[in-house]
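Open the model in your viewer and keep the selection tool at hand. This tour tells you what to pick next and what is there.

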Amino acid sequence: MALEVTERAPGRDNSELRGLDALDLGEGSPRRGRKIWQAAWPKLAAIVLALGAWQAVVLSGWKPSYLLPGPAPVFAELGDQVTTGDFWKAVSITMTRGVVGFLIAAVIGLVLGVVVSRSRVLRAAIGSLITGLQTMPSIAWFPLAILLFQLSEQAILFVILIGAVPSIANGVIGGVDYVPPLLLRAGRNIGASGLSLYRHVVLPAALPSIVSGLKQGWAFAWRSLLAGELLVSIANRPSLGVFLTQSRELGDTTYMIALMIAILAIGIAVDAVFASVDSGIRRRRGVSA
């Protein structure tokens, strides 16, 4: 009889555990909803506060409405623009330039960062130069870019690369510098060396810093791109920067601010992609829940 009790007890415990598992699964959706709300409400509150402050400034009469329109006419204009083909063509051209420039900058920056981090001589020679290039405003390169490439796509691409590559390279160098020596010793103990050590130990350990460098590189690339489009107008190639220039020349402030909001929204969307990648890396490494 005692044997029967001991055999039945585990089965009963298992059924109870299965019941608890089912209970946890049942609460999964509300928990996800709470997490989404906890992540969303600060952003929504910030938007409401920003719109309220904007409307308050307009109502104060600081500037006439044709110079500083309120949120309502601006968002109405933005709503009209997103229904036009010209707007989406401009978005497509701007985004294509940005993505292509960023991808090229990422390849160059990653290779440059790895090479410099592996060589003390190169680090001593050009390490400070990379940092100096990162701090230099991208728009300062446009006179040279226009002299070298005239008013062309190459001029815009040149400035995007100058703006983004140093940030990405510095992200790689910083990540490699902070790899724990214990990991390096462990990698060498299992036979990794040279490029194999970098591929399997150093670069995975430096991945969070590399992603941060890529994120910063995109920010520099995006700013450089828009600055370039404000200065470089190419025939039959409408872009958001060109539309901004035209709206300023025509004195259409409502249209201009609507374009600025669209540019801001694109920047926030891309930043959310990088944030999602970074969050995934943190979860896999047990840094965040």
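Start by selecting Arg284. It counts as exposed because its relative accessibility is 67% (buried means under 20% relative accessible area, exposed over 50%, partly exposed in between, with a 1.4 Å probe and protein chains only). Arg284 sits in helix H12, residues 253–284. Helices here are DSSP runs of H or I with at least four residues, strands are runs of E with at least two, and both are numbered from the N terminus.

A word on the model. It is predicted: local features need pLDDT of at least 70, side-chain atom pairs count only at pLDDT 80 or more, and totals for chains, interfaces and linings use all residues. Residues are numbered from 1 along each chain as its sequence is written, and side-chain values use heavy atoms, leaving out hydrogens and water.

Now zoom out and show the whole protein as a cartoon. Of the 289 residues, 35% are buried.

Stay in helix H12 and select Asp271. Asp271 is partly exposed, at 33% relative accessibility.

Next, go to Arg97 in helix H4, residues 85–118. Is Arg97 buried or exposed? Arg97 counts as buried, because its relative accessibility is 8%.

Then look for charge pairs. The whole structure has four salt bridges (a side-chain nitrogen of Lys or Arg within 4 Å of a carboxyl oxygen of Asp or Glu). Select Arg97 with Glu153: their side chains form a salt bridge at 2.8 Å, N to O. This pair links distant parts of the chain, with Glu153 in helix H7, residues 153–177, and Arg97 in helix H4, 56 residues apart. Glu153 is partly exposed, at 26%.

Glu229 is buried, at 1%. Keep the trio on screen: Arg97, Glu153 and Glu229 are linked in a network of salt bridges.

Last stop: select Arg123 and Asp177. Their side chains meet in a salt bridge at 2.8 Å, N to O. Arg123 is in helix H5, residues 120–135, and Asp177 is in helix H7.
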